[in-house]
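Dear colleague,

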Amino acid sequence: MRVLLIGANGYLGRFVADRLLADPAVQLTALGRGDDADVRFDLASGSPGALTRFLDAVHPGVVINCAGAIRGGARELTRHNTVAVATVCEALRRSGCGARLVQIGCGAEYGPSQPGSSTAEDAVPRPGGPYGVSKLAATELVLGSGLDAVVLRVFSPAGPGTPAGSPLGRLAEAMRRAMQSGDGELKLGGLGVQRDFVDVRDVARAVHAASLSAAQGVINIGSGRAVRLRDAAAVLARVAGYGGALHELDGPPGPVRPAIGHPRGESEHAAPVAYPYPDGCGSWQQADVRTARDRLGWRPRINLEESLADIWMEAACRI
């Protein structure tokens with residue numbers, strides 16, 4: 001099976017590439033903006049015609065799109081998350097390869113949900129920020145393209161390679177600094193948020209399964225369990241062997257909020273942010289993952305403690 005992987009050098013893409021390379025039946029080609037890609041191509045600025053010619057030459061059976069941006073202004077997010085997907089869809093429509101498309105979406109497309117509830121694929125999306133809006137627009141483009149396509153809505157990926165700017169990445173970095181300085185007290189903010197964390201290696205397994213399946217539409221990929229960030233902090237402290245006190249700075253969400261790892265001695269107010277929750281998902285998010293089980297035969301295997309241990313191992317190497 002010939003697979004074209006877009007965004008192979010990104011956080012999710014690296015693990016998807018590893019998973020596919022471990023399958024002897026897969027012949028993988030990586031397309032991206034970096035020098036390490038087999039083929040260099042910028043989806044945000046490249047033309048559908050150029051991509052069509054490449055698809056006709058390589059003739060993949062599956063195209064997996066892991067590319068995108070998670071930070072930036074609305075214009076940048078739209079270019080990399082929406083315009084780029086429009087280019088992929090148009091190129092596939094023009095091409096004679098007939099490839100199946102596996103698009104990586106995100107839980108932020110749903111926006112805030114009712115605490116205690118599980119969000120299923122038939123929930124009406126109400127993204128609460130520009131990132132979720134840009135990803136939802138991409139999903140709608142894929143679903144309306146007429147292609148053989150599936151969108152995997154990945155909730156909160158965790159595990160090795162977790163970006164330093166993510167909540168768990170900031171948490172690990174704050175703990176590393178506290179241990180390095182011998183600080184017996186760590187002030188943390190934003191710990192009241194509850195998210196559905198799913199290990200990035202389990203996400204890669206889901207992408208692999210989706211590429212082999214006939215499933216179409218939207219499929220949630222998560223653990224099916226919301227975890228409060230303060231509980232994740234306690235697990236991380238145990239994994240790291242941090243015996244200091246964890247002081248929570250949480251207050252009601254508002255236009256200003258303390259950040260994870262807020263230094264002692266400074267004001268407890270961070271700079272204003274556009275949204276009380278940067279991902280636009282409010283205080284609670286939990287995926288209903290029954291569709292992934294039924295249509296992909298997929299279940300998460302790696303628990304959050306193992307994911308946190310891998311995050312900490314990488315952070316500890318910076319001590």
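This is a predicted model: local features need pLDDT of at least 70, side-chain atom pairs count only at pLDDT 80 or more; totals for chains, interfaces and linings use all residues.

In soluble globular proteins, nonpolar side chains tend to be buried together. Here the largest nonpolar core is made up of 33 residues, and I64, L152 and I221 are those with the most contacts inside it. Once its neighbours within four places in sequence are set aside, L152 touches a set of residues that includes V102, I104, C106, V207, I219, I221 and L296. There is also a second, separate core, which has 29 residues, among them I6, V58, F155 and V218.

Turning to the helices, the axes of α1 (residues 11–21) and α6 (residues 200–212) come within 8 Å and cross at roughly 60°, and the two helices are therefore oblique to each other, in a crossing that is right-handed. On the α1 side the contact is made by Y11, L12, F15, V16, R19 and L20, which meet V200, R201, V203, A204, R205, V207 and H208 in α6. Sorted by class, this contact has nine nonpolar, one polar and three charged residues.

For α7 (residues 229–240) and α9 (residues 304–316), the axes come within 9 Å and cross at roughly 60°, so these helices are oblique to each other, and their crossing is right-handed. In this pair A232, V235, L236, R238, V239 and A240 of α7 meet L304, E305, L308, A309 and W312 of α9, a contact with nine nonpolar, no polar and two charged residues.

With best wishes

Key: Residues are numbered from 1 along each chain as its sequence is written. Side-chain values use heavy atoms; hydrogens and water are left out. A nonpolar core is a set of buried Ala, Val, Leu, Ile, Met, Phe, Trp, Tyr and Cys residues joined through side-chain atoms within 4.5 Å. Buried means under 20% relative accessible area, exposed over 50%, partly exposed in between (1.4 Å probe, protein chains only). Contact means heavy atoms within 4.5 Å. Axes are lines fitted to C-alpha atoms, for helices over the stretch in contact, and angles run from 0 to 180 degrees between N-to-C directions. Helices (H or I, at least four residues) and strands (E, at least two) are DSSP runs, numbered from the N terminus. Angles under 35 degrees count as roughly parallel, over 145 as roughly antiparallel, 65 to 115 as roughly perpendicular and the rest as oblique. A crossing is left-handed if the near helix is turned anticlockwise from the far one by less than a right angle, and right-handed if clockwise. Ala, Val, Leu, Ile, Met, Phe, Trp, Tyr, Cys and Pro count as nonpolar, Asp, Glu, Lys and Arg as charged, and the others, Gly among them, as polar.
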